[in-house]
Amino acid sequence: MNYPGKIKEYTDKKFKRYGLNKRNQIARLLYEISARDNKDFRRTVKELPIEDGNYRFDNIKEILLKKRYPSEYERGLDKSNIYIPKLKIDSSAEAKLKNRSYSPSEIYFEKSAAKSDLFENAKALFPDAKYKEIVSGKSRHEKSDYGIKTYNNRRESLFILNEKYDFIKDCPCTQGCLSCDYKIFNLGFGCPYECTYCYLQSYTNTPGIMLPANLNDYFKKIENNSTYLSGKRIGSGEFTDSLALDHITGYSKRIIGFFKKHPDIIFEFKTKSDNIENLLKVKSAGNIVISWSLNPQNFIDKNEFYSASLEKRLEAASKCSRAGYSVGFHFDPVVPYLGYRSDYREVIELMFEAVNPEKVRWISIGSFRFPRSLKRIIENRFPESSILNGELMIGFDGKLRYSRSKRAQIYKNIIKAVGDHSWKPYIYLCMEPAWVWEETGLKPSWRWK
Ligand code: SF4
């Protein structure tokens, strides 16, 4: 590993003729190049002519940018889209990846939630946890800071609450993209899995995982808005994984029972788990879709800690489709690396072998994109990760993304791998503007039924 402190020491000494901001930029670029090339930064320095005392800062930055963004540099790099934040890594902020099984040591509950099935299940499953009554989830939040270290400890605290306001939300999508009008069934906040790229890392403002006990109030809200929601797609996998904790919550059985009475609303469970036992105990319904995020196993190993393996996810998909459920697949986020094309082809082959094609409602594709604030969180929590090594730049929506041509190439490769089969599922792009759809040959349209 390249120690950021050493790189800073070097740049402060070697480039002391420049101001702090310029030295920070040199340090950041050197760090990123060396991390990507898996080299000690002193070797990177030796291979680049940046120590030449006659060079001006602009020359040095140009040399470093060319090395850091080689493909985009060839295409005429727009330097205003490069994001070079100060290098600031705290080794104590690293994610703790030691305990795969989810077993919170502290369970906070609102008095009004203490008679719920959820609370009873938690008591049976976690008898050794400390139980503490709280006035409200909010009262506990206010005492927390929301830094990385609090996030790292979130699996230790479970909150069982009664949600009062936020039952359904519009998916915020992203500025300038074709919105699919997804509705979020706001059933819990926080996830026991540890994906390096998870946006919740920069979004979370709670000190633990929050689970509501008052599912009936959610259902009432849906009843009251059923005309508006008719024909729409709603799902619980935005602020958590839909099924990762289903053995504790038992939500899935009740959700299926409820939405069976509302066949015009499509309900999606989105997961990286194989926690489908409850699903298999109830009869499927035509408007229920169970969907899995898929990535090659070597990507899962490095980026989706604690989640089910690719094999287990596909096995679960196979069981659900044989039990009569419709299924969906999300290739999101796709992070291109050497050999990614053949790896995704293989995943697609396995997917076709696992499920009955007629049961597949949709396949979505999305490339790695994230708010700028997440970059520093990822490199602090997962300092060994290579997920940030690609040529990510500030995109049309202010998020870090691959360039338009790179993204179109990624989508075309996956669409082609799917299209090489005789079966033609419905494919859509997630968080992309119409012009990217057109570039990939897809018609911008939505089809959920
Ligand atoms: S499964 Fe989804 S919600 Fe959970 S950590 Fe991974 S990306 Fe985040």
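User: Domain bounds come from an automatic or database domain assignment. What distance separates the centres of domain 1 and domain 2, taken over C-alpha atoms?

Analyst: The model is predicted: local features need pLDDT of at least 70 and side-chain atom pairs count only at pLDDT 80 or more, while totals for chains, interfaces and linings use all residues. Residues are numbered from 1 along each chain as its sequence is written. Domain 1 covers 4-88 and domain 2 covers 164-440. Taken over C-alpha atoms, the separation of their centres is 36 Å.

User: How many residues of domain 2 are in contact with domain 1?

Analyst: Two residues are in contact if their C-beta atoms, placed from the backbone, lie within 7 Å. Domain 1 brings 10 residues to the contact, and the number from domain 2 is nine.

User: Which helices each supply at least two residues of the side of domain 1 that touches domain 2?

Analyst: Helices (H or I, at least four residues) and strands (E, at least two) are DSSP runs, numbered from the N terminus. By class, the touching side of domain 1 has five nonpolar, two polar and three charged residues; Ala, Val, Leu, Ile, Met, Phe, Trp, Tyr, Cys and Pro count as nonpolar, Asp, Glu, Lys and Arg as charged, and the others, Gly among them, as polar. The helices that each supply at least two residues there are α2 and α5 (70-74).

User: Are α1 and α2 parallel or oblique to each other?

Analyst: Axes are lines fitted to C-alpha atoms, for helices over the stretch in contact, and angles run from 0 to 180 degrees between N-to-C directions. The axes of α1 (residues 4-14) and α2 (residues 20-37) come within 9 Å and cross at roughly 135°. Angles under 35 degrees count as roughly parallel, over 145 as roughly antiparallel, 65 to 115 as roughly perpendicular and the rest as oblique. The two helices, α1 and α2, are therefore oblique.

User: Does α2 pass α4 in a left-handed or a right-handed crossing?

Analyst: The axes of α2 and α4 (residues 57-68) come within 10 Å at roughly 25°, and that makes the pair roughly parallel. A crossing is left-handed if the near helix is turned anticlockwise from the far one by less than a right angle, and right-handed if clockwise. For α2 and α4 the crossing is left-handed.

User: Which residues of α17 meet α16?

Analyst: Helix α16 (residues 310-322) and helix α17 (residues 340-354) have axes that come within 9 Å and cross at roughly 30°; the two are therefore roughly parallel. Their contact holds seven nonpolar residues, one polar and no charged. From α16 come Leu310, Leu314, Ala317 and Ser318, and these meet Val347, Leu350, Met351 and Ala354.

User: In which strand does Pro333 lie?

Analyst: The peptide bond from Asp332 to Pro333 is cis, with omega near 5°. The strand that holds Pro333 spans residues 326-334 and is β12.

User: What is the phi of Cys173?

Analyst: Cys173 is placed in the loop between β4 (168-170) and β5 (183-185). Although Cys173 is not a glycine, its phi is positive, at about 45°.

User: How many residues of the shell around the ligand are charged?

Analyst: A residue is near a molecule or strand if its C-beta atom, placed from the backbone, lies within 6 Å of it. Around the ligand are Cys191, Tyr193, Glu194, Cys195, Cys198, Leu200, Thr240, Asp241 and Lys272. Five of the shell residues are nonpolar and one is polar, and the charged ones number three.
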